[in-house]
Amino acid sequence: CGGVGGGLIILLWQIFISNRWNVSSVCTAILGGLVAITASCDILTPPAAVLVGMVGGLLQWVAAWALDKAQVDDPVGAFPVHGVCG
């Protein structure tokens, strides 16, 4: 459920902002949602898991955008996924 929330929020955000979406951004947001939900997966209900995944996916996207603007090299996006969402 967390991966669905993470991917869905970024997919909708990108379509809203630019009428296009990027497969790579959606996939890393799915990973961000999955990482965000991992610690509490045994106690959350599915709707709450989707919500946590959405927050994780959004945080991952913002962190990746900030690193890109700061010209920090993170070619695989490991820090936004694991450092921010984890």
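Predicted model: local features only at pLDDT ≥ 70, side-chain atom pairs only at ≥ 80, totals over all residues.
## Helix 1 and helix 3

Two packed helices are described by the angle between their axes and the distance between the axes. For helix 1, which covers residues 2-18, and helix 3, the packing angle is about 50° and the axes lie 6 Å apart. Helix 1 and helix 3 are therefore oblique to each other, and their crossing is right-handed.

On the side of helix 1, the contact is formed by Gly2, Gly5, Gly6, Leu8, Ile9, Ile10, Trp13 and Gln14, while helix 3 contributes Ala49, Val50, Gly53, Met54, Gly57, Leu58 and Trp61. Sorted by class, this contact of helix 1 with helix 3 contains 9 nonpolar and 6 polar residues, and no charged residues.

## Helix 2 and helix 3

Helix 2 spans residues 23-38 and helix 3 spans residues 46-69. The two pack at an angle of about 125°, and their axes are 7 Å apart, which makes helix 2 oblique to helix 3. Where helix 2 passes helix 3, the crossing is right-handed.

The residues of helix 2 that take part are Ser25, Thr28, Ala29, Gly32, Gly33, Ala36 and Ile37, and they meet Ala49, Val52, Gly53, Gly56, Gly57 and Gln60 in helix 3. By class, the contact of helix 2 with helix 3 holds 5 nonpolar residues and 8 polar residues, with no charged residues.

## Helix 1 and helix 2

Helix 1 and helix 2 also pack against each other, with axes that come within 7 Å and cross at roughly 145°. Helix 1 passes helix 2 in a crossing that is right-handed.

From helix 1, the residues Gly2, Gly3, Gly6, Gly7, Ile10, Leu11 and Gln14 meet Ser25, Val26, Ala29, Ile30, Gly33, Leu34 and Ile37 of helix 2. The contact of helix 1 with helix 2 divides into 7 nonpolar and 7 polar residues, and no charged residues are part of it.

## The largest pocket

Rolling a probe the size of a water molecule over the atoms shows where empty space is left. The pocket is lined by 17 residues, of which Gln60, Ala64, Trp65, Asp74 and Gly77 are the closest to its centre.

Helix 2 and helix 3 each supply at least two residues of this lining, and helix 3 gives the most, with 6 residues. By class, the lining of the largest pocket comprises 8 nonpolar, 6 polar and 3 charged residues.

Notes:
Residues numbered from 1 in each chain as written. Heavy atoms only, no water. 1 Å grid on protein atoms, 1.4 Å probe; cavity = no way out; pocket = protein on both sides within 12 Å on 5 of 7 lines; lining within 4 Å. Helix = DSSP H or I, 4+ residues; strand = E, 2+ residues; numbered from the N terminus. Nonpolar A, V, L, I, M, F, W, Y, C, P; charged D, E, K, R; others polar. Axes fitted to C-alpha atoms, helices over the stretch in contact; angles between N-to-C directions. Parallel < 35°, antiparallel > 145°, perpendicular 65-115°, else oblique. Left-handed = near helix turned anticlockwise from the far one by under 90°. Contact = heavy atoms within 4.5 Å.
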